[in-house]
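Here is a friendly briefing to read alongside the model. Please have the sequence and the structure open as you go through the points.

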Amino acid sequence: MSELNIELKKLRELELKTNGLATRLNSGTSDQLDGDLIQLQIENKKLKHRLQILKKSIAEESTGANNCENCSITEHLENVFAQAIALAYPEYSETPVLIAPVNSGSAKFGDYQCNNAMGLAKKFKEAGVNKSPREIAIELQRNCPSSPLIDKLEVAGAGFVNVFLSKAFAAEALSSLLRNGIKPPSVPKKRVLIDFSSPNIAKQMHVGHLRSTIIGESICRLLEFLQHDVLRINHLGDWGTQFGMLIAHLEDRFPNYLNESPPIHDLQLFYKESKLRFDEDEEFKKRAYSRVVSLQNGTPNSIKAWELICNVSRKEFQTIYERLDVTIEERGESFYQSRMLSVVEFLRGKQLLETDDGREIMWPDESKTGIPLTIVKSDGGFTYDTSDMAAIRHRLDEEKCTWIIYVVDAGQSTHFNTIFKAAERSGILNPSVHRVDHVQFGVVLGEDGKKFKTRSGDTVKLSDLLDEGMKRSLQQLESRGREKVLTPQELKDAQEAVAYGCIKYADLRHNRVGDYIFSFDKMLDDRGNTAVYLLYTYTRICSIARNSGEDFTDLAKVLSTATIELGHVKEWKLAKTLLKMHDIFIKCSKELYLHFLCEFCYEVCAVFTEFYDSCYCIERNKAGEIIGVNRSRILLCEATAAVLRQSFHILGLKPVVKM
């Protein structure tokens, strides 16, 4: 800290000298002094950029944001080369820095690469100055500030600056990870609301809810790890005209419902029965409509019936959420009833509503193109558009969220784009303050490439899918004879880890925008990029320290007498792979794609296997007796397990020590 302040003092002194020269020039000086002043002003421009950089560095140090051990390597290198560009070419100091990781098979070209020289050469050419990319790359190399991450910089080819990471830094970063656990990289903190899962009351959760629930839960876990303030919201379909027929049917089937809780065991069947009566019986239909009105008016009997129906669904939903290890807070459409009234008055007050064939509509922008929102129906009722406008207003104005994420299928993309534009037009959403994302996803397909259905053509119930997963995972474990070596509890834990893990991972490892084919056979394959392969690799890693004959339970104590050494090429490759984790966490959070983290987990497991095949951790003689334990390598194994554990937690996988 003191060195930075000394440098700041020097820079301020130089600015004072330059200003003094300007004063002397105004008083009348020689042409030579004028030339010196011009030169000094050029230098001063560079120094001002350095001043800004150093001020930023002091701020980062004072808040702990500049802790390299927990930083994103890519972002750190972007900062290093931003300084180099500002010092070498201050006129282009706003140029975005281009940092790319180097393919692990090209280690002789370094670990990362700065690719700015070509773009800067083009800018110079446009300004009438000829500078070769290589000449620019050399100047960038010369102006790079020192960094504990960087061992050396080399200029290669036409103008690439190759970055070689420091082994000393890597060893210390991994040692810190083992001592203190995995700490999140520093990011600006936001209050984030994530709207996901959102099943409908009186209908069972089905395979269509799978993706929103799994993706939403993982995004919550990721952003919580990054220390954002996260609200997990379940926008239940718990209001609307369908409740009129459900209440009317409940009154007929269980007339004593006000005094005795009705034994509704199959709410899906109950819903189908009421829908059939609604479609075929005009008297029933009239009574159903009257119950909608009584519900909206808050009539106690109708409210009681509505609550009973909702509670049956809630119990079924909660069973699914517990099996999938999902935590979510209910805030259904009913929550926004009073807020719908106020948002309508708000939009009317801004004169944004227009009458159209008895309806009140709102165009999302001034051009009045596209599809308008229907805010008030011709009968005075509200719509999903009204509900979503009330919800986004509540989330930004009352909840004070700065980031809202809607995890909803791709079919709703036009709707959400319209909602976001309308919210911006009405002043509810301020793009300079708020971020809103529609995290859209494709459809789950069967192995025939068509929408995933049962053999009879019905939608697959989520509970049935999870049951089938449990059955298949047990079969796979028994085919390996695991029931003979694991305790009953260990077998059950492994069964659940494989069953639910394979379903989640098969979803998350695909780019969410595309459709994917649901296949238990592929999910349960222990080869390739599957949850089974990752979980088996993890258990193998955990067994290494256990089988060493030494105590590795207190890693801080082990590190007081052992150090991580990265002399072997496979040790170094594994260490560099593990250090990518913060880059991956930040990339996933910026783009909201989880398949990047899945690919990282697979890469870690593959690189670990290379390391384990090439570097002995435990040496045994022909009799199988342990004659040597490489503590450094076992510490590398433990670091690998820690990185996988954190990644698995975000993906919703439950690792087990024995499988």
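Which residue in β4 is the bridge partner of isoleucine 150? The partner is leucine 165. This is a predicted model, in which local features need pLDDT of at least 70 and side-chain atom pairs count only at pLDDT 80 or more, while totals for chains, interfaces and linings use all residues. Residues are numbered from 1 along each chain as its sequence is written, and side-chain values use heavy atoms, with hydrogens and water left out.

**The chain as a whole**

- The chain has 23 helices and 16 strands; these are DSSP runs numbered from the N terminus, with helices being H or I of at least four residues and strands being E of at least two.
- Mean pLDDT for the chain is 90, and 90% of its residues reach 70 or more; pLDDT is the predictor's confidence in each residue, from 0 to 100.
- Over residues 61-65 pLDDT stays under 50, and the model has five contacts for them beyond four places in sequence; a contact means heavy atoms within 4.5 Å.
- Of the chain's 659 residues, 51% count as buried, a class that means under 20% relative accessible area, with exposed over 50% and partly exposed in between (1.4 Å probe, protein chains only).
- Taking contacts between residues at least 6 apart in sequence, 73% join residues at least 24 apart.

**The four-strand sheet**

- The strand order in this open sheet is β1-β2-β4-β3, and the pairing is antiparallel; two strands pair if DSSP finds at least two bridges between them.
- Because β1 (99-101) and β3 stand at the edges with a single partner strand each, one side of each is left without a neighbour in the sheet.
- On average, neighbouring strands here are turned by 25 degrees against each other, direction ignored; axes are lines fitted to C-alpha atoms, for helices over the stretch in contact, and angles run from 0 to 180 degrees between N-to-C directions.
- Strand β3 (residues 150-156) and strand β4 (residues 160-165) run antiparallel and are joined by six bridges.
- Leucine 153 has valine 163 as its bridge partner in β4.
- A hairpin is formed by β3 and β4 with three residues between them, and glycine 157 in the turn has a positive phi of about 55 degrees.
- Lying across β3 and β4 is helix α5 (residues 133-143), which runs at about 165 degrees to β3.

**The three-strand sheet**

- Strand β9 (residues 359-362) runs antiparallel to β10, with three bridges joining them.
- Opposite isoleucine 361 stands threonine 374 in β10.

**A helix crossing**

- Helix α7 (residues 207-225) and helix α16 (residues 488-508) have axes that come within 10 Å and cross at roughly 85 degrees.
- That angle makes α7 roughly perpendicular to α16, where 65 to 115 degrees counts as roughly perpendicular, under 35 as roughly parallel, over 145 as roughly antiparallel and the rest as oblique.
- From α7, the contact is made by Leu210, Arg211, Ile214, Ile215 and Ser218, and from α16 by Ile503, Lys504, Asp507 and Leu508.
- By class, this contact has five nonpolar, one polar and three charged residues; Ala, Val, Leu, Ile, Met, Phe, Trp, Tyr, Cys and Pro count as nonpolar, Asp, Glu, Lys and Arg as charged, and the others, Gly among them, as polar.

**Buried loop residues**

- Serine 426 is found in the loop between α14 (413-425) and β12 (435-439), and its relative accessible area of 1% makes it buried.
- Not counting residues up to four places away in sequence, serine 426 touches Phe346, Leu347, Lys350, Leu352, Met362 and Met389.
- Isoleucine 428 lies in the loop between α14 and β12 and counts as buried at 3% relative accessibility.
- Beyond four places in sequence, residues touched by isoleucine 428 include Phe346, Met389, Ile392 and His434.
- Threonine 95, in the loop between α3 (73-88) and β1, counts as buried at 14% relative accessibility.
- Threonine 95 is 13 residues from alanine 82 in sequence and 7.8 Å from it in space, C-alpha to C-alpha.
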